[in-house]
Amino acid sequence: MGDMSRSETGRSDGRNRRAAETRRKIIAAAKAMISETSTAPTVVAVAKRADVSVRSVFQHFGDVESLFVTVVDSVRDDLVVPPPTPSNRPLDARIPLVVENLAQVFDKIVPLRVAAGQFVNHPALTERAKVSTLELREATLEAFGPEFATLSEQAKEELLDAIGAALSLEAWIVLRRRDGLSYERATAVWRLTLEALLAHGFAAPATE
């Protein structure tokens, strides 16, 4: 009886390992294709690239939307996020650091964001976009905490909104893809933009 139990457990473990490997291959294939083409690949194309059956892709993900969401999460997990910009450094040193940190991350996910266009209204992707926007907002507030502390609540919120819009992933895509700017030129544009926004925002009347 014990031998049979161990045999069943061994077969189950083997199936689980094969299933996990198949899933890994599918995700890796989809990520590679998106990186290369900036478009969401079809299930058939992913299956061919991963050297698995189309049926296997559907068994693991159900549909192409679910696969894409999984790829988004996998890419996010793989990102090496730079450390927060210390708020005790001089302002003119913090600005290029904030821009460089954002640019490094955004440049890596441009293909994924462009490919996500066809799933723009997918609830899971919308939720993830909201989380990313909030994280950017919090990072900005942390980096420029001493200066934001001098602003009224309304001025603070308006400045955060302005920075979030100007230094968004979509704005980076415009500079890099639509306008064709080099990485160095695009970051220079963002540094000037952030400097101007902060100079204007921090000139607002102090909190009463």
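Modeller: Asp51 lies in the loop between α2 and α3 (54–61). The model discussed here is a predicted one.

Biologist: Why is Asp51 called exposed?

Modeller: The relative accessible area of Asp51 is 64%. The term exposed applies over 50%, and Asp51 is therefore exposed.

Biologist: What makes the phi of Asp51 worth noting?

Modeller: Phi of Asp51 is near 60 degrees, which is a positive value, and the residue is not a glycine. Most residues other than glycine have a negative phi.

Biologist: Which other residue has a positive phi although it is not a glycine?

Modeller: Ser38 has a positive phi of about 60 degrees. Ser38 belongs to the loop between α1 (2–37) and α2 (43–50).

Biologist: Why is Ser38 called buried?

Modeller: Its relative accessibility is 10%. Buried means under 20%, so Ser38 counts as buried.

Biologist: How do you know that α2 and α3 are roughly perpendicular to each other?

Modeller: Their axes cross at roughly 110 degrees and come within 8 Å. Angles of 65 to 115 degrees count as roughly perpendicular, and α2 and α3 therefore receive that description. On the α2 side the contact is made by Val43, Val44 and Ala47, and on the α3 side by Val54, Val57 and Phe58.

Biologist: Which residues meet where α9 packs with α10, and what is the handedness of the crossing?

Modeller: From α9, the residues are Ala171, Trp172, Leu175 and Arg176. They meet Tyr183, Ala186, Thr187, Val189 and Trp190 in α10. The crossing is right-handed.

Biologist: Why is Glu195 called partly exposed?

Modeller: Glu195 is found in helix α10, and its relative accessibility is 37%. This value lies between the limits of 20% and 50%, so Glu195 counts as partly exposed. The C-alpha atoms of Glu195 and Asp92 are separated by 8.4 Å, although the two residues are 103 residues apart along the chain.

Biologist: How do you know that the span of α8 is close to the expected one?

Modeller: Helix α8 (residues 153–166) has 14 residues and reaches 20 Å from its first C-alpha to its last. The expected span, at 1.5 Å a residue, is 20 Å.

Biologist: What puts the buried residues of α8 on the same side?

Modeller: The buried residues are Ala155, Lys156, Leu159, Leu160 and Ile163. They cover an arc of only 130 degrees around the axis, and therefore they lie on the same side of α8. An α-helix has 3.6 residues a turn, so residues three or four places apart point the same way. On the other side of α8, Gln154 and Ala165 are exposed.

Biologist: What do the buried residues of α8 pack against?

Modeller: They pack against α6 (123–143), α7 (145–148) and α10 (183–201).

Biologist: Why does Lys156 count as buried?

Modeller: Lys156 has 19% relative accessibility. The limit for buried is under 20%, so Lys156 counts as buried. Leaving aside residues up to four places away in sequence, Lys156 touches Leu141, Phe148 and Leu151.

Methods:
Residues are numbered from 1 along each chain as its sequence is written. This is a predicted model: local features need pLDDT of at least 70, side-chain atom pairs count only at pLDDT 80 or more; totals for chains, interfaces and linings use all residues. Side-chain values use heavy atoms; hydrogens and water are left out. Helices (H or I, at least four residues) and strands (E, at least two) are DSSP runs, numbered from the N terminus. The expected span of a helix is 1.5 Å times one less than its number of residues. Buried means under 20% relative accessible area, exposed over 50%, partly exposed in between (1.4 Å probe, protein chains only). The arc is that of the directions from the helix axis to the C-beta atoms. Contact means heavy atoms within 4.5 Å. A crossing is left-handed if the near helix is turned anticlockwise from the far one by less than a right angle, and right-handed if clockwise. Axes are lines fitted to C-alpha atoms, for helices over the stretch in contact, and angles run from 0 to 180 degrees between N-to-C directions. Angles under 35 degrees count as roughly parallel, over 145 as roughly antiparallel, 65 to 115 as roughly perpendicular and the rest as oblique.
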